[in-house]
Amino acid sequence: MTHLTTRDRGPRRLRRRDRNALLAVSLTALSLTASGCVVVHGEREVLPATTRAEAAKALEQFTDAYNKADQAYDSSLDADRTTGALADIDAARLKAGHVNSPGGNSGHSALEFDDVTYTIPKKAGWPRWFVADAHGNKGGDDRWLLVFTRDSLSEPFQVAYLTLVAPGDVPKFRTDKDGWAEAVPANSAELAVSPGSLSQDYVTYLKSGGQVFAAGAHTSGWRTDRQKSTKPGLATQYLDEALTGGDYAPLALRTTDGGALVFFTTRYYAKQTAAAGTSVPTPNQDVKALTKGEIKQSLTMEFVSNQVALDPAGTGKVSVLGRIQGLTSAEGS
């Protein structure tokens with residue numbers, strides 16, 4: 001396995017009563033006192049990210065939009081319900097589908113969820129977010145973990161992270177007496193790795209190995225798979241990048257043992273180069289649909305990958321529980 005040292009491409013970039021109560025607390029209020037003005041900033045108020053009824057509504061709206069987009073192969077139909085890593089992955093998937101099947105997805109099967117648990121952190125500031133843990137009619141017995149986020153009350157909740165995790169791997173979360181969860185700051189020093197550093201640490205691990213991550217399918221197993229991808233006559237190079245800003249920011253929930261479940265994003269490039277006199281194997285139709293240029297001796301593919309990991313308190317190794325990636329673009333030369 002070799003690694004790219006330069007980029008072939010630049011990076012792409014309730015109820016009514018309860019709802020009104022949240023709105024009243026969140027909006028900036030101005031109070032006049034005998035000594036002057038006191039400004040209460042909504043962004044500093046510690047309150048639940050949403051109500052449980054609104055969380056359920058957000059999941060319903062996402063699922064409806066996702067199914068419409070999948071059936072039509074039209075990313076505009078769920079663009080306002082996705083963001084961050086999922087938006088990149090989903091939009092590219094739908095683009096490829098539309099190129100290959102302009103009339104829509106003849107094999108569409110609606111995604112459905114049941115047995116849903118909502119974990120809603122109580123926190124100050126934006127974004128405010130929550131996690132839905134659901135059983136889906138796809139993906140076998142795995143649990144679907146969807147992270148909904150928004151940056152203001154005027155915006156809809158959007159799904160930034162979507163991963164599948166084995167049922168027994170979903171941890172229990174620390175909650176207060178009212179059932180609200182605890183968000184862990186990105187710069188927390190209480191964990192083996194601060195959530196804000198996980199993306200870069202993962203990038204470093206995939207390139208050089210190390211002791212930060214526990215062995216598993218998405219760590220040591222993925223490194224082995226990469227090493228095997230280089231074959232006689234076909235070299236494969238990898239370049240990984242951390243994604244931590246804006247809608248790609250890591251989000252973490254405190255678990256009952258003091259650790260955290262962390263969602264984070266990376267981007268990587270995989271470049272296949274054929275030996276002189278040969279050509280790169282013909283990619284499938286979906287890859288072709290997202291490829292610019294003519295594929296002769298090389299094909300550079302760009303992927304966005306979102307991971308969910310258990311980050312222990314104090315010391316210990318981080319366990320990556322699930323990962324979903326998607327091709328977002330490609331270029332032939």
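Trainee: What should I know before I start?
Mentor: The model is predicted: local features need pLDDT of at least 70, side-chain atom pairs count only at pLDDT 80 or more, and totals for chains, interfaces and linings use all residues. Residues are numbered from 1 along each chain as its sequence is written, and side-chain values use heavy atoms, with hydrogens and water left out.

Trainee: In what order do the four strands of the open sheet lie?
Mentor: Strands are DSSP runs of E, at least two residues; helices are runs of H or I, at least four residues; both are numbered from the N terminus. Two strands pair if DSSP finds at least two bridges between them. Here the order is β5-β7-β8-β9, with antiparallel pairing. The edge strands, β5 (113-119) and β9 (158-165), each pair on one side only.

Trainee: How many bridges join β7 and β8?
Mentor: Eight bridges join β7 (residues 128-136) to β8 (residues 143-150). One place to look is W129, which stands opposite T149 in β8.

Trainee: Is L146 buried or exposed?
Mentor: Buried means under 20% relative accessible area, exposed over 50%, partly exposed in between (1.4 Å probe, protein chains only). L146 is buried, at 0%. L146 lies in β8. Contact means heavy atoms within 4.5 Å. L146 touches residues including L59, F62, F130 and Y161. The C-alpha atoms of L146 and Y161 are separated by 5.7 Å, though the two are 15 residues apart along the chain.

Trainee: Which residues of helix α5 are buried?
Mentor: In α5 (residues 220-228) they are W222, R223 and R226. They cover an arc of only 100° around the axis, so they sit on the same side of α5. That arc is taken from the directions from the helix axis to the C-beta atoms. Among the elements covering these residues are α4 (198-208) and β10.

Trainee: How many salt bridges does the structure hold?
Mentor: Side chains of opposite charge can pair when their charged atoms come close. A salt bridge needs a side-chain nitrogen of Lys or Arg within 4 Å of a carboxyl oxygen of Asp or Glu. This structure holds 13. In one of them, R226 meets D240 at 2.8 Å, N to O. R226 is in helix α5 and D240 in strand β10, 14 residues apart. R226 and D240 are both buried.

Trainee: Which strands hold D133 and R143?
Mentor: D133 lies in β7 and R143 in β8, so the pair ties together parts 10 residues apart in sequence. Their salt bridge spans 2.7 Å, N to O.

Notes: Lists of a residue's contacts leave out its neighbours within four places in sequence.
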